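Colleague: I am new to this structure and would like to know how its labels were reached. Please put it up.

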Amino acid sequence: MAVGFVSLNYSYELAGSRPVTPTTRHGEANPGMTDSELKGEPRASPATQWLRRMWHRVSTSLLRIRTRPGDAEQGCARRDTPLLPLAPISRIWDMHNVPLPEMSVTEGKMQPTPRRCCCSCSSCCCLGTVCRPAAAAAAKHADPASGAANGRSAGKRSRPTLQNKILILTACAAGIGGTFQYGYNISIINAPTSYIQRFMNETWLERTGTPLGSDVILLLWSFTVSAYPLGGLTGAIAAGPMAIMLGRKTSLLLNNVFVIIAAVLSGFSRMAKSFEMIILSRFFTGLNAGISMNIQPMYLAESAPKKLRGAVALTSASFTALGLLVGQVVGLRELLGAENSWPLLLASNAVPALIQLMALPWFPESPRYLLIDRGDKESCISALQKLRGHCDLSAELEEMLAEQAATHGQRPKKPWELFQDRAVRWQLLSIVVLSSAMQLCGNDSMYFYAAYVFQEAGIPQEKIPYVVIGTGSCELITSVTCNIIIDYAGRRLLLLGGYSSMAGWAIVFMVALSQQARISWMPYLSVICIFAYILSFGIGPAGVTGVLPTEVFDQMSRPAAYVICGSLLWFNLFLVGTAFPFIVKTLAHFCYVPFFLVCICTALYVGFFLPETKGKSFLEISEEFKKRNFKSHAHAFPYKGPEEIKSTVL
């Protein structure tokens, strides 16, 4: 019994002089919880609960477990902690994979073997977290001008500053070679279109002595354009196994090899007189984009605290918009868009890859991947300390340990297993709807239609590229704005507002197109509709869609969920790009009717079926979806009587 009391004392000290009190499923303290209740069995009767509360009060008044002498001088607060049953404490320690303390005999009494914390003070701290003396010392060291009196306030100011700096740098290092490449490689291919087609004709003429027909040139160019989404689909399928086997950060680093190969192929294509090298390079750039668009938001969302998870993960959309804008600027004729420099333009995507290869190794791997997938607790704590700075990590670490316990014994799921799992039915339906709507809403088609509308509005041909740059700037500004407000407004509001606004502007756009020949100022209204449509897309769907798979799926299902999302995204991109010319030819000015219907249906789904995930832990989100997934099953047979009625005789 004495050993049990001493073990209990040590468990409190390991938690940083904070009681490790069992909690209920809703998070409230439950000091009288028993083994049966921890197993999920029904609670005890009211009389038994009353007796436990009385025993709790008596034990609190009779037994005071205090910190060791000298802790008060070190800044560790003295706490009076009630006596708890040893068995539940042992279960909690076992669940979290934390060994019970070693015991030794000191002065004839059984005492726990002391463990020193990182700041070498007299108190032990919980699983590598920094106690208050260490935080105060670090704050004082970071701000030499502050004295002992304001050291505590300086420490409070320095922690979020350090945390934000490291998170911002991590997001930048991941984004510059990640989704930035997606937007950049989409936009740089537009400027040299005519030059590459001429190069194909000249190359074929030198090989065979006969020129290519216009239809054959168009077919070769369609192969060049289609190679990009085909590579993206391949990369999306490969991203899941890469994220599991190699990790998030290592996968992003290895992904740069594909874009460097693409840069070499496209850069030397004219020298080698091979247009096939351009087609192959576009496949490799798509492969790079497909991997990065799946792994980058997963890596950032797992590395960020839950209060900043949306803003940090949404930087993926901001870097996509930045890549589109930079590609449009670099593709101007005054820079690399001239006829003599188009191979250099296509090879310029190696620069962001080299920047990421130099910057990303300095930042840690995803803490959740290190703990839950690899079981490396020490590396997880080290990564958390780098990302969070000198602050209390116990709450976040407890959350990850609980998630590790919930997924204990499970293996990463395959994509087809998600379709067979009833427990993720609503999560899977949500990401299928949102990932499909992201491409089927017609935002990319609006970029293709922009040149025609700008020309109809009377804008000179040589000025159209600058107006297109203006649309890219608007999308970047909107993505950054969404990045700032996502953790305040929430995911549902941004998605609902974005798709509803797109539906409204689609109607105005079709009306403006139909009246362009009759009313002189209608072309200008069409230009406004293009800007407004792209802004509405950037305020919500562009970024929130990539964040949701991380939040609604657990660690074992997340890579497979991103494989499904990425596959749908790239397949629908190919589908819209192929079908849009036929839609325009068939429906003429009313070509946005299909996109309008997609926006309306998606907004209705978000409004009625998608729960809010803002500020919630991954386990809380999973619990909310669990209620939806098993709601009908729970109410199907409310009567729990005997399985078989053998007689009707009373």
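Modeller: The count comes to 12 aromatic pairs, where rings of Phe, Tyr and Trp (its six-membered ring) pair if their centres lie within 6.5 Å. The model is predicted, so local features need pLDDT of at least 70 and side-chain atom pairs count only at pLDDT 80 or more, while totals for chains, interfaces and linings use all residues. Residues are numbered from 1 along each chain as its sequence is written, and side-chain values use heavy atoms, with hydrogens and water left out.

Colleague: What makes the pair of tyrosine 182 and tryptophan 570 edge-to-face?

Modeller: Planes under 30 degrees apart count as stacked, over 60 as edge-to-face and the rest as tilted. The ring centres of tyrosine 182 and tryptophan 570 are 5.5 Å apart and their planes stand at 85°, so this pair is edge-to-face.

Colleague: Which parts does that pair tie together?

Modeller: Tyrosine 182 belongs to helix α8 (residues 179-187) and tryptophan 570 to helix α28 (residues 558-587), so the pair joins parts 388 residues apart in sequence. Helices here are DSSP runs (H or I, at least four residues), numbered from the N terminus.

Colleague: Why does tyrosine 182 count as buried?

Modeller: Buried means under 20% relative accessible area, exposed over 50%, and partly exposed in between (1.4 Å probe, protein chains only). Tyrosine 182 has 7% relative accessibility, so the residue counts as buried. Tryptophan 570, with a relative accessible area of 2%, is buried as well.

Colleague: Why is the pair of tyrosine 605 and phenylalanine 609 called tilted?

Modeller: Their ring centres lie 5.4 Å apart and their planes are at 35°, so the pair is tilted. Tyrosine 605 and phenylalanine 609 are four residues apart in helix α29 (residues 593-609), about one helical turn.

Colleague: Are those two buried or exposed?

Modeller: Tyrosine 605, at 9% relative accessibility, counts as buried. Phenylalanine 609 has a relative accessible area of 37% and is therefore partly exposed.

Colleague: Which residues do ring pairs link into a cluster?

Modeller: Phe509, Tyr533, Phe580, Tyr592 and Phe595.

Colleague: Where is the kink in α24 centred?

Modeller: On asparagine 483, with a kink of about 35°; the bend at a residue is the angle between axes fitted to the seven residues ending there and the seven starting there. Helix α24 (residues 464-489) has 26 residues and spans 35 Å from its first C-alpha to its last, close to the 38 Å expected at 1.5 Å a residue. That expected span is 1.5 Å times one less than the number of residues. Just after α24, glycine 490 takes a positive phi of about 95°.

Conventions. Helix = DSSP H or I, 4+ residues; strand = E, 2+ residues; numbered from the N terminus.
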